[in-house]
Amino acid sequence: MTKPRNTREDKLLGFDADITRRDFIGSALLGTGAGLLYANAPGLMRGAGAQTLDIPLTGVGPDWTGPGGIGDYRTANGNTHEVMNDGHGIRNGTFEKAFKDAVDSGEMYDLVVVGGGFSGLSAAYRYHEDRPQASVLILDNHAIFGGEAKQNEFEVDGVHLWGPQGSNGSVFPPNRTKPIGWHHEYWDKLGLPQEFKYQAAKNLGKDMNIPRDVYSPMHIAWDHADQAYYYDNHGMVLNPWNSGFKEAPIAADLKREMLQLDLYKDVPYRKDDWHHWLDTMTYEEFLTRYVGVSKDVTPYLNPQTAAMGCGLGADVISAYSAYEFVQPGVVSYKRFAGLEDPSDYVYLASFPGGNTGIARHFVKAMIPDAIKGDNSLSAVLFNDLNWNELDRPNQPTRMRLSATVAGVMHDGSPHSASSVSVIYYQGGKLHKVRAKKVVMASGQWVNRLVCKDLPPEYQAAMATFHHAPMHTINVALRNWKFLEKLGASAVRWFEGYGWFFSLRRQMLIDGKEPMPLDPSKPTVLTMYNSFCNPGIPMPQQATTARMQLFALPYAEVERGVREQFTKMFAGYGFDAKRDIAGIISNRWGHAYVVSPPGFYFGKHGELSASDVIREPHGRISFGHSELTGAQLWNTAAEEGARAAEQALG
C-alpha cells in the first residue's frame with residue numbers, strides 16, 4: 001500500500017499538498033513503485049521476453065511523468081507519458097490497423113531521418129555536407145530534439161539552474177583523445193571549444209575536492225572528489241579508499257577484495273585476439289576467474305557499471321563491455337594495448353545541461369534561425385528556440401517533433417522501388433510522407449516493429465538487442481551547506497532509494513559562471529539510477545528493470561528522494577522541506593543496449609547482429625549508437641554519419 005498523505009512525517013519532508021498516485025499501468029497492477037523497485041524478480045516478470053510483456057502498458061497520465069521544470073524542455077522530461085503511450089501503441093499494433101487512413105501530405109524528401117538524437121542529427125548533418133540544398137526531414141517522437149541529450153531547468157531564489165536529463169559528457173581534452181579514437185571530428189566542425197576553464201568554489205568553510213563531472217567519481221576516478229559512503233545503521237565513512245575501508249562496516253575479506261579489484265594490473269591473456277577473448281565471458285566471470293575476487297564485490301560494481309554505460313550489472317554484461325567503459329580489473333587491457341589508464345589523463349567535459357549543448361550546436365548548424373541569437377557558445381546553449389523555424393517550408397533541413405513514426409516501407413519491391421513511405425502519428429492523426437532514402441536513427445526495438453518489409457535476417461538480428469532503462473533524477477537545492485559540513489562532494493550509499501550523486505564544477509561559458517558553486521547558494525544534484533536484478537537471465541532482467549521503472553509514479557520518486565536525503569543528511573543540517581526546491585524525473589526505458597558475451601564479435605564465426613544491421617535494406621539504412629555497444633554521443637555520430645554515407649551512395 002502507498003503511504004497516506006498529509007501525515008506529520010509528510011509535512012516534515014515537504015509534502016504540503018496531496019499528490020495523485022497511479023500504481024496501475026495498462027490495467028495491470030505492477031505494484032507500488034517503491035516496493036517493486038527493490039523486488040528481485042517480481043512474479044509478473046517470470047518468462048518475460050526480450051523487450052515486451054503481454055499487457056498494453058498504455059493509458060498512463062501526467063501524474064506518472066511529474067513536473068518538467070521551466071524553459072523549452074519543460075514538456076519533455078525523459079520518456080513522458082505521451083511518448084510512452086505512443087511507443088507502446090506501436091508495440092501493440094494500434095497504428096498499423098489504421099495505416100490506410102493516413103493523410104498523405106504529398107511531400108517528397110531526398111532523405112527522411114527517423115530519430116532526432118545524435119545519430120539522427122549527425123546523419124542529417126553528414127548528408128548536407130555533400131548535398132547542402134537537398135531536402136531532409138527529421139522526424140522525432142519527443143516534444144524537442146536531442147534524444148537523451150536534453151536538459152532540465154529550474155529557477156531557484158533568482159538563480160537559473162541546469163541539469164542533464166541523460167547524455168552527459170564528452171571525453172576531453174582533444175589533444176589526448178584524438179590519438180586514441182575518442183574524439184569525433186564533428187566536435188571541431190561544429191566549432192566547439194578545444195579547451196575549458198572551470199569555476200572554483202567560493203565561500204567554503206573547509207577545503208573540498210570537487211570534480212568536473214558526475215561520472216568520474218562513481219569509481220573510475222574516485223580521487224577526483226571527496227567521497228562519503230553511507231552505510232545503514234552505521235553512518236558516513238569519509239574517503240574510504242584512502243584508508244583501505246578501515247572505518248567501513250564490511251567484512252575484512254571484502255575490504256581486501258575491494259582494494260585488490262582496484263589495484264589489479266595483470267593481463268591473463270596476451271594474444272592479439274584479446275578483444276574477442278574478453279567477449280567470450282561475463283565481466284563477473286573475468287573478475288572471479290582472473291582477478292581472483294569473489295562475487296561479493298559485484299553489488300558494489302553493479303550500479304556504477306550500469307550507469308556508466310553498460311546498462312546492467314557484472315553478471316550479464318560482456319567483459320569487453322566493461323573494458324569499453326574503463327571498469328576495474330579489465331581496464332588492465334588498456335595498458336596492454338599500449339595506452340595509459342584513461343582516468344589518469346582524460347576527463348568528461350560536461351555542459352551545464354549535459355550533452356544538450358552539443359545537440360543544440362548540430363541544430364544551429366543546420367537550421368541557423370532555430371536558436372535565437374548568434375553562434376557564441378552561451379547563445380547556442382542558453383537562448384530560446386524559435387519553434388516555428390524548425391519545420392519551416394522551403395528550407396533544406398526540417399524537423400517535425402512529437403511525430404511518432406509507426407510505419408516505414410518501400411513503395412514496391414525493396415530491390416526496385418524508387419521511394420519509401422513513412423507513416424507517423426502526430427496530433428491525433430496518422431500522416432504519410434515519402435522519401436528517396438531513409439535513415440533509421442532509432443533503436444532496434446523500434447526498427448524491427450516499424451520497418452514493415454524487413455527480410456528475416458534483419459528481424460532476427462534486431463531481436464537479439466536488449467535494452468536496460470535509466471532513471472535520471474535532478475534535485476534542485478536551495479543550498480548545499482549540509483555537504484560542506486559533511487566534507488564530501490560525492491556521496492555513495494548501498495540501501496534505499498538511488499545510490500550516488502556528486503557536485504560538479506561548471507565550465508566557464510564565454511568567461512562566465514553559468515551557475516554558482518557556493519554552499520549557501522542553489523545547485524542541482526543529478527542521480528543516475530540503474531535497475532540491476534542479479535540472478536535473472538539477461539533478457540528477463542532487462543524487461544524486469546524496465547517494468548520497475550514504469551511502475552514508479554512521480555509521487556514515489558519524490559518520496560524516495562526526500563526520505564533518502566533526510567535519512568542520510570538530517571544530522572548535517574539538511575531539511576527536506578526547506579532545502580529541496582524541485583525534483584524532476586527523467587525516465588529512459590531503453591537507455592542502454594546490454595552487451596552480453598558474443599555481442600561485439602559474433603559467435604561461431606558468424607557475423608555479429610550489428611554487422612548484419614549495418615548493411616542497407618533497399619533504400620533504408622540503419623544507424624544508431626547501440627550498434628557499437630558503447631552508447632556515447634560520438635559513437636552515435638559515427639553510426640549516423642555512416643548510415644548517411646550509405647544513403648548518399
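Guide: Helix α21, which spans residues 554-569, lies across β8, β9, β16 (490-493) and β17, and it runs at about 105° to β16. The model is predicted, so local features need pLDDT of at least 70 and side-chain atom pairs count only at pLDDT 80 or more, while totals for chains, interfaces and linings use all residues. Residues are numbered from 1 along each chain as its sequence is written, and side-chain values use heavy atoms, with hydrogens and water left out.

Helices (H or I, at least four residues) and strands (E, at least two) are DSSP runs, numbered from the N terminus. Contact means heavy atoms within 4.5 Å. Axes are lines fitted to C-alpha atoms, for helices over the stretch in contact, and angles run from 0 to 180 degrees between N-to-C directions.

The sheet is open and consists of four strands in the order β9-β8-β16-β17, with mixed pairing. Because β9 and β17 stand at the edges with a single partner strand each, one side of each is left without a neighbour in the sheet. On average, neighbouring strands of this sheet are turned by 20° against each other, direction ignored. Two strands pair if DSSP finds at least two bridges between them. β8 and β9 pair in the antiparallel sense over four bridges, and alanine 228 stands opposite leucine 238 in β9.

The loop between β8 (227-231) and β9 (235-238) contains asparagine 233. Asparagine 233 has a positive phi of about 65° although it is not a glycine. Most residues other than glycine have a negative phi, and most peptide bonds are trans. With 85% relative accessibility, asparagine 233 counts as exposed; the classes are buried under 20% relative accessible area, exposed over 50% and partly exposed in between (1.4 Å probe, protein chains only).

Aspartate 510 belongs to the loop between β17 (500-502) and β18 (523-529). Aspartate 510, not a glycine either, has a positive phi of about 50°, and its relative accessible area of 44% makes it partly exposed. A further backbone feature is the cis peptide bond from phenylalanine 172 to proline 173, with omega near 0°. Proline 173 lies in the loop between β7 (170-172) and α6 (174-177).

Turning to charged side chains, the structure holds 29 salt bridges, a salt bridge being a side-chain nitrogen of Lys or Arg within 4 Å of a carboxyl oxygen of Asp or Glu. One of them joins glutamate 389 and arginine 392 (2.8 Å, N to O). Glutamate 389 counts as buried at 19% relative accessibility, whereas arginine 392 is partly exposed at 34%.

Another salt bridge joins aspartate 411 and arginine 434 (3.5 Å, N to O). This pair links distant parts of the chain, 23 residues apart: aspartate 411 is in the loop between β12 (404-410) and β13 (420-426), and arginine 434 is in strand β14 (residues 429-440). Aspartate 411 is partly exposed at 31% relative accessibility, and arginine 434 is partly exposed at 25%.

Arginine 614 and glutamate 639 form a salt bridge whose closest N and O atoms are 3.0 Å apart. Here too distant parts of the chain are linked, 25 residues apart, with arginine 614 in the loop between α23 (609-613) and β20 (620-622) and glutamate 639 in helix α24 (residues 633-648). Glutamate 639 is buried, with a relative accessible area of 3%. Finally, a network of salt bridges links Arg126, Glu129, Asp130, Glu185, Lys189 and Glu645.
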